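Here's a quick briefing to read alongside the model. Have the viewer open and follow along, topic by topic.

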Amino acid sequence: MSHAVARNPHKKAKYDEDDNDDAPRPQWRRRLVTAVLALAALGLGFLIPYTVYLNHEVSERFGQLQWQIPTRVYARPLVLEPGLALDAATLKTELDAAAYHEGDGLAPGTYRRDGSRWKVSSRGFNDVDGAVPARRLELTLASGRVSRLHEVGADGETGKATRRARLDPARIATLYGQKQEERRLVRIRDVPELLVTGLQAVEDRDFAHHHGIDVGGMLRAAWVNLRSGRARQGASTLTQQLARSGLLGIGREQTFTRKGKEILYALLIEARYEKGTILEAYLNQVYLGQRGAQAIHGVAAGAEFWFGRDLKSLSTEQIALLVGIVKGPSAYDPRRHPQAALDRRNFVLGEMHETGLIDDAEYKRALDAPLGISDSPGSLSANRFPAYVDLIRRQLARDYPADALSGAGLSVMSGMSPSAQAYAEAAVTRTLKSLDNERRPPLEAGLVLTDVHNGDVVALVGSREFTAHGFNRAIEAQRPVGSLIKPFVNLLALAQPGRWSLASWVDDSPVTVTLGRGKTWSPGNSDGRSHGSVRLIDALAHSYNQATVRIGMDVAPERIAALLKTLAGIEAEPNPALILGSLDQSPYAMAQAYQFLASGGEIQPLHAVRGVLDAGGKALNRYDEAPAPAQEGDAIAARLITIALQRAVSGGTGRRLVADGLGHLSPAGKTGTSNDGRDSWFAGWTGDHLAVVWVGNDQNKATGLYGATGAMRVWSNIFLNLPTATLTVGNEGLDWQWVVGSNSTDAGCPEARRFAFVAGYAPEYASCTLPEPEPEERDEGRRSWRDWFGFGRDRDEEQASSPQETPAQ
């Protein structure tokens with residue numbers, strides 16, 4: 001071996017030289033390979049568990065599709081039937097509130113008016129009693145009523161008559177959860193095909209074939225961006241957009257980490273789910289606009305927000321605009337940037353035309369069409385009626401914890417009538433503005449308007465600034481009710497027909513009540529006068545305090561307190577002052593009490609909520625059960641009080657309502673005023689509605705207003721516009737008789753008046769001799785013996801000219 005080496009020293013030297021030169025190289029390579037392998041192992045060691053983790057996230061968040069869906073609050077559906085009190089202005093108010101729009105009256109959510117005839121095409125919806133199908137209807141309005149109601153065929157021809165139909169209700173509020181996200185979930189089968197295919201044509205043409213990412217598109221975008229020096233083009237698939245939309249919590253920051261996570265999510269989603277499932281999730285998640293803190297997600301909510309229409313009723317150009325907005329809801333906001341939105345919409349129409357989704361004629365028509373957006377965002381207001389929604393929350397509190405409603409995806413079906421609410425708000429605004437002056441503090445109001453047939457609260461106003469959140473005077477204001485209590489005092493008396501009737505004589509002279517401990521109480525009348533012996537009906541109609549105190553002491557304050565507890569849950573001290581309304585209550589509490597009278601003697605719990613539906617439209621709770629029929633005695637007593645309070649309107653403290661033009665409704669009503677005119681009250685009802693109104697101020701200072709000059713003005717302004725039925729009182733259990741003095745008599749007897757008695761309790765009959773009429777008996781200046789003592793009709797009319805009431809002292 002040494003010989004060989006010696007024979008070729010150069011070779012050895014060369015080898016040694018080469019060996020010395022290359023010695024570090026294998027070591028460097030080995031280290032590099034080792035490092036790469038280590039990093040690869042580390043990467044795989046991290047990537048595999050991380051991918052497993054992401055896969056779990058996809059399963060949890062995407063697989064279960066657990067979006068936070070807001071709870072929606074709806075008004076009551078408008079029930080149409082022949083004979084319903086309804087005029088054109090009110091019908092249009094109801095249709096506008098429910099996001100109907102003028103059209104052919106055949107497409108769902110449209111109406112068409114031709115004089116007194118209306119064609120309306122409703123949309124199907126879920127109500128408390130189940131699904132209500134869509135219907136095409138024709139109704140005719142005449143003399144403030146629905147005179148005819150017919151079905152309409154698909155060809156627009158009038159079909160058979162129908163007795164009853166319901167229109168889908170307006171959405172009046174939204175109860176959000178932690179996120180202010182507006183979303184309405186839809187199934188892909190319920191989305192217009194043009195929207196599905198158009199979205200793919202514009203945003204991801206290869207959606208049906210790729211596996212979550214578009215490699216070719218990403219390379220093209222990278223090259224364009226590299227050449228331009230900035231991000232000018234993206235290549236995200238619909239699956240990637242879905243991954244970064246917030247559903248999976250990736251976020252939108254532009255980093256390599258975020259992009260890598262987005263790609264992994266997209267690949268995992270595509271590996272786990274069908275294309276239809278992915279596309280459906282995208283359609284429900286895509287961001288389409290913003291209204292304040294309220295984010296609009298999903299194509300269904302987007303259609304409502306931008307067009308005020310149901311998704312299925314969108315036109316080609318509206319679908320194109322919705323698809324166009326996907327690229328940038330802010331940049332292409334059609335309300336703020338109409339030209340940019342128009343250009344984007346037309347671009348989308350071009351893509352639809354190029355891919356054969358629409359033909360030449362439809363393409364040209366859609367290009368010429370306006371944007372077609374609604375003037376204001378659709379019925380997505382978080383809470384347009386804070387006072388009413390406050391009542392809803394209070395009534396649901398016993399069944400749903402405070403945080404159980406918001407974001408729960410429920411549907412709360414309320415009793416609100418959008419037209420009644422609009423008329424009530426307008427009446428408060430108009431009346432208080434007319435009453436404002438520098439001599440009185442700023443006026444406020446609380447108002448409750450109900451349906452006398454079922455106890456629905458159809459409108460509620462808690463402040464003159466009715467859109468403001470805060471103190472809800474309709475529910476929370478506790479103010480002295482004054483003479484509003486008097487009908488219940490008289491109700492107890494009339495429940496004893498052997499002792500009391502509307503014709504009973506009552507002494508309205510000064511009265512003193514012993515209170516104990518040497519104290520006495522001597523209330524007077526508001527006019528400072530006594531009126532001698534008066535009929536019970538007149539004492540109530542003119543709100544005479546002294547006569548009412550005598551009646552109240554006869555029936556006992558304890559029974560008055562017990563009655564208020566039974567009718568409205570009102571806790572009252574059973575002292576004599578209760579007789580004249582020395583009791584602090586809210587408008588809502590008094591509405592509950594008066595509902596007994598207005599309903600004809602039924603115990604009807606008032607309710608703002610008719611029912612609650614789950615996300616699938618199934619009723620979870622119902623609150624609209626029919627009340628038990630009135631007991632016979634209650635019904636008769638309620639009729640008698642109604643007759644007396646109709647007299648209060650026709651010739652008593654509420655007489656101005658007749659002058660206002662409301663006499664045709666024959667309403668019943670009672671004014672109320674507290675000490676020094678601090679609180680003005682009026683409770684009145686018609687054949688369909690009861691309204692209780694309070695007007696005063698938060699400083700509890702004198703306003704100078706009586707019930708007739710404050711609250712009754714609000715009531716009048718409501719019913720001058722609100723369609724409602726005339727109040728008629730049934731005669732069941734009643735016996736009408738002509739009376740003179742304390743006896744029944746003949747109709748033609750002088751001074752005879754007609755009274756209603758409980759059947760079997762009319763006074764004994766006594767005939768009168770009818771003298772032949774003489775010329776001097778027609779002399780207008782002649783007065784009867786009753787006139788000399790202040791009991792004549794002239795006296796009644798004098799008292800009717802101004803409110804005759806005074807608060808409890």
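Predicted model: local features only at pLDDT ≥ 70, side-chain atom pairs only at ≥ 80, totals over all residues.

**The disulfide and the rest**

Cys749 and Cys768 form a disulfide, with their sulfur atoms 1.6 Å apart. The protein chain runs to 809 residues, and 51% of them are buried.

**More on the disulfide**

- Searching the whole structure turns up 1 disulfide.
- The disulfide is left-handed, because the torsion about the S-S bond of Cys749 and Cys768 comes out at about -95°.
- How buried or exposed are the two partners? Cys749 has a relative accessible area of 5%, so it counts as buried, whereas Cys768, at 25%, is partly exposed.
- The cut-off behind those labels is simple: buried means under 20% relative accessible area, and partly exposed runs from there up to the exposed class, over 50%.

**Overall fold**

- The protein chain has 25 helices and 32 strands.
- Counting contacts in the protein chain with a separation of 6 or more, 68% come from residues 24 or more positions apart.

- You'll find Thr316 in helix α11, which covers residues 316–325.
- Thr316 has a relative accessibility of 12%, so it counts as buried.
- Which side chain does the side chain of Thr316 make a polar contact with? The partner is the side chain of Glu362, at 2.6 Å.
- Setting aside neighbours within four places in sequence, Thr316 is in contact with Leu194, Leu349, Ile358, Glu362, Arg365 and Ala366.

**Cavities**

- How many cavities of 30 Å³ or more does a search of the whole structure find? There are 5 cavities at that cut-off.
- The second largest cavity holds about 70 Å³ of space.
- That second largest cavity is lined by 13 residues, and the closest to its centre are Leu78, Glu94, Ala98, Leu167 and Asp168.
- Sorted by class, the lining of the second largest cavity has 10 nonpolar and 3 charged residues, with no polar ones.

Definitions and conventions: Residues numbered from 1 in each chain as written. Heavy atoms only, no water. Helix = DSSP H or I, 4+ residues; strand = E, 2+ residues; numbered from the N terminus. Buried < 20%, exposed > 50% of the residue type's maximum accessible area, 1.4 Å probe, protein only. Polar contact = N/O pair within 3.5 Å; in protein donor to acceptor, adjacent residues only side chain to side chain. Contact = heavy atoms within 4.5 Å. 1 Å grid on protein atoms, 1.4 Å probe; cavity = no way out; pocket = protein on both sides within 12 Å on 5 of 7 lines; lining within 4 Å. Points joined across faces, edges and corners; volume = space filled by probe spheres on them. Nonpolar A, V, L, I, M, F, W, Y, C, P; charged D, E, K, R; others polar. Disulfide = S-S within 2.5 Å.
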